[in-house]
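Colleague: I have a two-chain model to go through. Can we take it question by question?

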Amino acid sequence: MSNASSTSALVVRAPRRNLLPKTLGPAMPALILLFLFFVLPVVSLLLRSVLEPEPGLSNYATLLGSETYLRIFLNTFLVSALVTVLSLLIGFPVAWTLAIMPAHWSRIVFAILLLSMWTNLLARTYAWMVLLQRTGIVNKTLMNLGLIDQPLTLVNNLVGVTIGMVYIMLPFIILPLYGVIRRIDPAILQAASLCGATRWQSLWRVLVPLAAPGMAAGALMVFVMSLGYFVTPALLGGTSNMMLAELIAQFVQSLVNWGMGSAAAFVLLVVTLALYALQLKLFGTSQMGGR
Amino acid sequence: MKKTAILAALAATLAITSMAKAEDMVFTSWGGTTQDAQKAAWADKFAAESGVNVLMDGPTDYGKLKAMVEAKGVTWDVVDVEGDYAVQAGAQGLLEPLDFKVIDKTKLDPRFVTDYSVGSFYYSFVIGCNKDAVAECPKTWADLFDTAKFPGKRTFYKWSAPGVIEAALLADGVTPDKLYPLDLDRAFKKLDTIKSDIIWWSGGAQSQQLLASAEAPFGSFWNGRLTALAADGMTVETSWEQNITAADSLVVPKGAKNKEAAMKFIALASSAQAQADMATATGYAPTNTDSPALMDAKIAGTLPDKQTASQVNADMNYWAQHRDEIGTRWYAWQAK
């Protein structure tokens, strides 16, 4: 009996110490998986970009030396920036409202947000295609209201891509922002108004600075995700505002030019990693996801 | 005892699975209604006749095909590819030469036969127009490129493939016999004049949607897609004037595991009846010259070769040789 009880006492005490990993052991399965299916392919990608069709940096020279490809890079950044700014502008009021709403209401809004996030991306993008086309509901409504005479061109261009992508990115900015705003003590805002701040001043001089880390984290996440986006730009965009992911797909699938495809993919990877490093440097890991 | 039974059962299962494996083959195409029709007209029939189970895969991806051949892990046995790609891939050593002792090519349309491929089906790029949406329909390629006479959006095939370059040159007044070698500078200059009025379609279903919704009331379409819209009751006007033919091909990737079954599959798929069934189901044209006689006369009448208007055959060999060059330029032009 005494033997058994001492064992159980050991068992009770032991876990705390044992749970702290001293080695990478517990992370090994994940690390091995990452190595096999991420690191190795990335290395082979890099190799292809400098070895095909012949050894050298010719692929990178072509990529960075061509006006067309530079335009695609520039457009990728432009669209990503536009999407990020609009997502912030729309997402901030939503996150703020969610944070101060009664819980039963905010639960409903959250359910709507998450449901839209869980719906198949392709289906959502197709839905926008139908809504935004010349004979779609948006144009028909505007024309029936007498606001426009001619249907607006809302798809196959920058407008379509921006609308579609902002819609898809919104949850990714609302969720981290919500977390940050929730943690702001409402007493601070009360204090601000007691000290004579107008609503506008409390917003700009108190709430926004306090929420800034969450905004920055969310914005960077949306920006980085947008950089590599494929489906939405491919379906809602026109060919003249092509994004990088489409160019890569074109090189790999249509032109079967893997050297160029790898080079473009590698440039995208480097840019993404650089932005990620910037995020870590500016906000540390604690702000990832806004917690 | 129990252990032995389990082992025996395991061994039996393994034997069955490996047997099933040996009797399987994989057919890869572009998905959608086209592949459904290919399954019904070819694969199901082949499975019933030969006992070989035909698994469907897709969509066709040239990058994937090349990767499989290079890695010597080919899981596709028969692949439906574009005609110009078939010629190029054959020359690059990515394909198995076809066994014409098994496949009877005497009845196959010679326009679409090479050492490495036979025609899967063929189609024409024609001018389609939604008659309910516009007062007048463009009749020629020149009309389709004339934004003054026919204002509004028009739709063209998005990918670099035989068709649009040819249409631009014909619209600019090049005669069919002088089309090749393609004058790319001239073609792109002509395309520049309507670029902002082009909506690109990337797949057949999208082209139908664009036309039916009048998002683009006219454009260049695969003939079969217009036949299907007309069958659905839409008032479509089709102009066959200088219709441009191009084809899909059936090929066997180098190192395919079930080469023998693949050759037999192609033999059946290119046979007169199978080609007739496929054409009836899709509105695309059969590549077997005996097929039209087996088809309903009314449907056979809608085939490209039955039209009295002039026809232009896209030169697959020219395209195969210049595929990469044209493609690079095409996509760069689009992105401008």
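Colleague: In which helix is the place of A:F110?

Modeller: This is a predicted model, where local features need pLDDT of at least 70, side-chain atom pairs count only at pLDDT 80 or more, and totals for chains, interfaces and linings use all residues. Residues are numbered from 1 along each chain as written, with chains lettered from A and ligands numbered from 1 in written order. Helices are DSSP runs of H or I with at least four residues, strands are E runs of at least two, and both are numbered from the N terminus. Residues 103-118 of chain A form the helix that holds A:F110, namely α5.

Colleague: How does A:F110 count, by its C-beta neighbours?

Modeller: Buried takes 20 or more other C-beta atoms within 10 Å, exposed 12 or fewer, and partly exposed lies in between, with C-beta atoms placed from the backbone. A:F110 has 16 such neighbours, so the class is partly exposed.

Colleague: How far apart in space are A:F110 and A:L175, C-alpha to C-alpha?

Modeller: In sequence, A:F110 and A:L175 are 65 residues apart. In space, their C-alpha atoms are separated by 9.1 Å.

Colleague: What share of chain A is buried?

Modeller: Chain A has 13 helices and 0 strands. Its length is 291 residues. The buried share is 30%.

Colleague: Which element gives the largest share of the side of chain A that touches chain B?

Modeller: Contact means C-beta atoms, placed from the backbone, within 7 Å. The contact takes 16 residues from chain A and 19 from chain B. On the chain A side, α4 (67-100) and α12 (244-254) give two or more residues. The largest share, 4 residues, is from α12(A).

Colleague: How are α4(B) and α14(B) oriented to each other?

Modeller: The axes of α4 (residues 83-91) and α14 (residues 316-335) of chain B come within 8 Å and cross at roughly 60°. Axes are lines fitted to C-alpha atoms over the stretch in contact, with angles from 0 to 180 degrees between N-to-C directions. Under 35 degrees is roughly parallel, over 145 roughly antiparallel, 65 to 115 roughly perpendicular, and the rest oblique. The two helices, α4(B) and α14(B), are therefore oblique.

Colleague: Which residues of α14(B) meet α4(B)?

Modeller: From α4(B) come B:G83, B:D84, B:V87, B:Q88 and B:A91. Their partners in α14(B) are B:M316, B:N317, B:W319, B:A320 and B:R323.

Technical notes:
Contact = placed C-beta atoms within 7 Å.
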